[in-house]
Amino acid sequence: MDWTPTISELSGPRYQRIVEAMEADIAAGRLVRGQQLPTQRALAKALDLDLTTVTRAYTEARRRGIMEARVGQGSFVSETSARRAVDLPHPVAIDLSMNVPPHPLEAQLDERIIAGMEAIRAQSGLTAYLNYQPPGGSAHEREVAARWMRARVPHAHADRLVVFPGTQTILFNLLAHLARPGDIVLTEALTFPGIKAAAARLGIKLVGIAMDDGGILPDALAKACRAHKPKAVYLIPTLHNPTTATLVPERRGAIAKIIRDTGTILIEDDAYGLLDRSASPIANLIPERTYLATTLSKCIAPALRVAYLVTPDSEAQREMRTYLQATVQMPAPLMVALVTHWIESGIADRIIAAIRSEAVGRQQLAQRALKGFQLLAKPAAHHLWLRLPEDRPDVAAHLLRNGLAVVAGDAFTVDGTPPHAARVSLGAARNRSELTEALRILVGALQKPADTRQIV
């Protein structure tokens, strides 16, 4: 608690100088996440200020999300830049249902958004991005994105890339392009609810393929391709949602061969690929038969609404730009400009590295808390897949009654009996303290004897 900010060289009201000094010291590493700050009275004495000035500074620091107060303990540097949720539905107090990335202070998102917008304003002006832009991104934006992606996807080039406002829009447009009502698309037996929603809206039938803890089974996929003659196969090969399964190279090779031999098309959802760069996309094996979707929603922030689709060829790229224009016209130009600036300057990679590191830390915390329970997890994933006790069919409801939201297995099931399991999204907690409390509630529910269940 020996932090004493230097505010004499700053301008503006003194309470704002304290906050600005705090932000600067966090950015410089002189203050670190979770570090305890001086009491308001102690800091007022050290700076020879009245108490109300420091109180106002601490209130503003909490509002900005750089400081948090813990009852009975004091004030601490925040672990995250996320604000307190104000719109959680009753009775949710902690929401571990949304699979979103954490925002550690090391990512410096607030500062980098402001600096990025200033850089864009200085270069071309912000109002330049308030008009209609080319659907699918400008040539420059597509070239920057393609060059960045080539570290993992060597065939990514501007004439095969489309900038979309999020993966959900990609999936809806791809299904509309590749299939018609009544057609079949194959997926893993457990899959992303977004593809289920898009298929249902378009009248497309999804057929689930058997999985094990390592992901989809190639033999089952081959049999289904022969039986159903699908229009496409949709897969999440890396950090699968919800199971976290990541296909080993041998399975990726086998799946690529099946796709090629059966003449079908692969829709590869690479939403989590930037969190595990060791996993090479299946698209690299069959680029001519794959639509690869990469998004920043899971590695930076979902509200950016920036995702990239790499198509099999330039003709498919032009077709998908037409579909994009017909549905939502374009992604938000200012957000695309910001992301493009971050990629060009190397900031995007630094943000992703900070978020990946936080994901690893949260997984380690969860592994300790859930030791002895059956679960599937990977070090850099934002979620884990928890097997629930067979004699406790009410676990998810019990958790909700105690203010904790997770997602039960039926949300991911394509057909058949839903597994008695739940996806627990670790990134959704505002900080590790909140995550620790959520895991405590979760463990308590799992350990609750079946014969003492509350009847409601």
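Analyst: D261 counts as exposed, with a relative accessibility of 51%. In this predicted model, D261 makes a salt bridge with K257, and their closest N and O atoms are 2.6 Å apart. Both residues sit in helix α9, four residues apart, which is about one turn of the helix.

Helix α9, spanning residues 249-262, also holds R251, which pairs with a residue from another part of the chain. The partner is D212, and the two side chains meet in a salt bridge at 2.8 Å, N to O.

Now for a pair with a buried member. E358 and R432 form a salt bridge, with 2.8 Å between the closest N and O atoms. E358 lies in helix α12 (residues 347-369) and R432 in helix α14 (residues 432-447), so the pair ties together parts that are 74 residues apart in sequence. The two partners fall into separate accessibility classes: E358 is buried, with a relative accessible area of 2%, while R432 counts as partly exposed at 26%.

Some charged residues join up in a group: E143, R147 and R150 are linked in a network of salt bridges. Across the whole structure, a search finds 14 salt bridges.

Side chains of opposite charge can pair when their charged atoms come close. R112 is buried yet has no salt bridge. Its nearest side chain of opposite charge is that of E111, 7.2 Å away, and a salt bridge needs the nitrogen within 4 Å of a carboxyl oxygen. What does R112 touch, leaving aside residues up to four places away in sequence? The contacts are E106, A107, L338, W342, I347, R350 and I351.

As for your cysteines, a disulfide is a covalent bond between the sulfur atoms of two cysteines. The count here comes to zero disulfides, with two sulfur atoms having to lie within 2.5 Å to qualify. Among the cysteines, C225 is buried, with a relative accessible area of 3%, and C299 is buried too, at 0%.

Definitions and conventions
Residues are numbered from 1 along each chain as its sequence is written. This is a predicted model: local features need pLDDT of at least 70, side-chain atom pairs count only at pLDDT 80 or more; totals for chains, interfaces and linings use all residues. Side-chain values use heavy atoms; hydrogens and water are left out. Helices (H or I, at least four residues) and strands (E, at least two) are DSSP runs, numbered from the N terminus. Buried means under 20% relative accessible area, exposed over 50%, partly exposed in between (1.4 Å probe, protein chains only). Lys and Arg count as positive and Asp and Glu as negative; His and the chain ends are not counted. Contact means heavy atoms within 4.5 Å.
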